[in-house]
Amino acid sequence: MKKILFSLTLVASLMSCQGEKTAYVDNTVLIQEYSKMKTTEAKFEKRSQALSNELDSIAAIFQQEVQEFQSNMKSMSAQGRERRQGELVQKQQMLQQRQQQKGQVLRKESDQAIDSLIAEVKKHVSNYGKEKGYAYIFGSNESANIMYAKEGLDITEDVLLVINGQEKESDSKEKESVETESTEE
C-alpha cells in the first residue's frame with residue numbers, strides 16, 4: 001500500500017512539473033555580451049592603461065637616475081656610493097609598493113563593479129522569468145552545469161535583447177533629460 005501511495009505521489013508531482021516552463025541561459029555569454037559589462041570593461045581597461053603609462057614614466061625617470069649614478073659612480077667616494085645606492089634601493093622599493101597599491105585599488109574597484117553588474121544581470125533574468133511565466137531559468141557556463149537541453153530552451157539571446165534594449169532605452173532617456181535640462185538653463 002505504501003509503495004502504491006508513493007508511486008502515485010511521484011507520478012502526480014512529475015505531472016505537475018510538466019506544465020511549468022523551464023529554460024536556461026549561458027551565464028558567460030550573458031555577462032560578456034551585456035552592454036554595461038562591455039562599457040565597464042572598456043572603462044577599467046582605459047584606467048589600467050593610464051596607470052601603466054604613469055608608472056612607466058616614473059620608472060623611466062628612476063632608470064635615468066640609476067644610469068646617472070652608474071656613470072658618476074667612479075668619481076664618488078665609497079661612502080657616497082653606498083649612500084646613493086641605499087637611496088636608489090629605497091626609492092625602487094617605494095615605487096614597487098606604489099605600483100602594487102595602485103594595482104590592488106584598481107582591481108578591487110573593477111571586481112566591485114563587475115559584482116554589481118552580475119547582480120544586475122541576475123535581477124534582469126529574474127524579472128524576465130517572471131514576465132514570461134517561467135518556473136525555472138537555469139544558468140550554464142564553461143563547466144557545463146547543463147549537459148543537455150532540448151533545443152529551444154536556451155533563451156540567452158532573448159534575455160540579452162531585452163536587457164540590452166532596456167539599457168539603451170534608459171540611456172537615451174537619460175540623454176534626453178540631460179539635454180532638456182541643459183536647454184532649460
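Helices here are DSSP runs of H or I with at least four residues, numbered from the N terminus.

**Figure 1. Overview of the predicted protein chain.** Welcome to the whole fold before the close-ups. This predicted model holds five helices and two strands. Read from the N terminus, the elements follow the order α-β-α-α-α-β-α. The protein chain has 185 residues, and 19% of them count as buried. Taking contacts between residues at least 6 apart in sequence, 82% link residues at least 24 apart.

**Figure 2. Close-up of H3 and H4 side by side.** A pair of helices is described by the angle between their axes together with the distance between those axes. For H3 and H4, the axes come within 11 Å and cross at roughly 180°. Because angles over 145 degrees count as roughly antiparallel, H3 is roughly antiparallel to H4. The contact of H3 with H4 is made by 14 nonpolar, seven polar and 11 charged residues.

**Figure 3. Residues that line the largest pocket.** In total, 14 residues form the lining. Which of them lie nearest the centre of the pocket? They are Leu-55, Asp-56, Ala-59, Leu-95 and Gln-99. Sorted by class, the lining of the largest pocket comprises seven nonpolar, five polar and two charged residues.

Terms used: Residues are numbered from 1 along each chain as its sequence is written. This is a predicted model: local features need pLDDT of at least 70, side-chain atom pairs count only at pLDDT 80 or more; totals for chains, interfaces and linings use all residues. Side-chain values use heavy atoms; hydrogens and water are left out. On a 1 Å grid over the protein atoms alone, a cavity is a set of points where a 1.4 Å probe fits but cannot get out, and a pocket is an open set with protein on both sides within 12 Å along at least five of seven lines; lining residues have an atom within 4 Å of a point. Ala, Val, Leu, Ile, Met, Phe, Trp, Tyr, Cys and Pro count as nonpolar, Asp, Glu, Lys and Arg as charged, and the others, Gly among them, as polar. Axes are lines fitted to C-alpha atoms, for helices over the stretch in contact, and angles run from 0 to 180 degrees between N-to-C directions. Angles under 35 degrees count as roughly parallel, over 145 as roughly antiparallel, 65 to 115 as roughly perpendicular and the rest as oblique. Buried means under 20% relative accessible area, exposed over 50%, partly exposed in between (1.4 Å probe, protein chains only). Contact means heavy atoms within 4.5 Å.
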